[in-house]
Amino acid sequence: NAVSPTETYKRLMAAERILDAAADSMGIDPEDFGKPRVELVDQTGLIHVSLTGPSADEAQARLNALRAAFFGEIEALRSDEINTRELGAGAAIDEYRQSVTETRAEITRLQEETGLISPEQYDALVAETDALARRVDDAAADLAEQTEAVAALERALGLTPELAAATLKLHADTEFAALAEEMSDAAAKLSQARGLYGPRHPKVQAAEAGHDSARGETRARARLLTRLGDGALDLLDLSHVGDRAALLSELVELETARAGLAAEHAALAARLAQARTDRAALIAPAARLEDLQRDFAVAEAVFASAMARTQSSKADLFASYPLVQVLEDPSMPEDPASPRRKLAVAAGGAATMFLFFGMFL
């Protein structure tokens, strides 16, 4: 934009290589070809070219040769410009492509090493960890509440949930129920005998023997059903549970629910610990991956822009050398440029007068 193309072409038409090419095309000596006269028409983009020759046909032929050499040189310059641009752009594009490839390879390596596909995945992990922490807190609160309910019922019944379950299991067995009822009858007889007789009375001793026998059979059946030791059996109520069955069942149900909550809380706590470990390990890779993806996006945009500029530069053939059109072909001169007939006659007449005047003197 800062250089006038007409001035460029004016200089180019007078260049020796164009004149030499035109002279060679006509088979004459470049020194005999002559220098073209190039004139620029003001306020326009027009260029007027004239050239002399030995004859009118020769002058016209020389201008045609000059025009052909000029257009040939213009095409050569345009091709050279495009090739130079492609070489420079090719090196830059190769560098941009290498940058994109290296960044992509580093992203892939980081993804393979850490298993982190995108920064959004890390954000999801953080959100999941926070949600899991809230679930652990809620499970801990529910577990504490359930544990307190179980402890209160244990204190009321004087039994642990395991012994309550064993008691319910025993009294659900018909044989044990019969033995327990027999043991109760023997206990009633023993109590009645002790109320009537002394401790060494035969009836009291017989009642004691019957009660011990019934109690031993009952404990043996209880030991078989519950697999408990003598210490635990001593804590069991082998008599009929009566109205306490509902409370024993409730204690067993509460303990079962508490155990489920405890297992759930332990599993959630383990998951939370693992999630926090993973989150801590992925902080640096997530930041690095985000930087790499941003660099990759920039490199890809630069690469695409360079490719677009290269393609557009190929289409712009007239960037430095605008289009040239011939508005008028080289004309055939009607009169010779020299010698001029009238000037020659006038010069001859003047010379004759000076000759005669000299001879007269």
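Tutor: On a 1 Å grid over the protein atoms alone, a pocket is an open set of points with protein on both sides within 12 Å along at least five of seven lines, and lining residues have an atom within 4 Å of a point. A volume is the space filled by probe spheres set on the points, which are joined across faces, edges and corners. This is a predicted model, where local features need pLDDT of at least 70, side-chain atom pairs need 80 or more, and totals for chains, interfaces and linings use all residues. Residues are numbered from 1 along each chain as its sequence is written, and side-chain values use heavy atoms, without hydrogens or water.

Student: What volume does the largest pocket have, then?

Tutor: About 1,200 Å³. The lining counts 41 residues, and H48, V49, S50, L63 and E328 lie nearest the centre.

Student: Which element gives the largest share of that lining?

Tutor: Helix α4, with eight residues; helices are DSSP runs of H or I, at least four residues, and strands are runs of E, at least two. Elements giving two or more residues are α1, β2 (47-50) and α4 (56-114).

Student: What makes T6 in helix α1 "buried"?

Tutor: Buried means under 20% relative accessible area (1.4 Å probe, protein chains only). In α1 (residues 5-13), T6, Y9, L12 and M13 count as buried, so each of them falls under that cut-off.

Student: Why say they line one face of α1?

Tutor: Looking down the axis of α1, its buried residues fall within an arc of 120°, so they line one face. The arc is taken from the directions from the helix axis to the C-beta atoms.

How values were computed. Buried means under 20% relative accessible area, exposed over 50%, partly exposed in between (1.4 Å probe, protein chains only). On a 1 Å grid over the protein atoms alone, a cavity is a set of points where a 1.4 Å probe fits but cannot get out, and a pocket is an open set with protein on both sides within 12 Å along at least five of seven lines; lining residues have an atom within 4 Å of a point.
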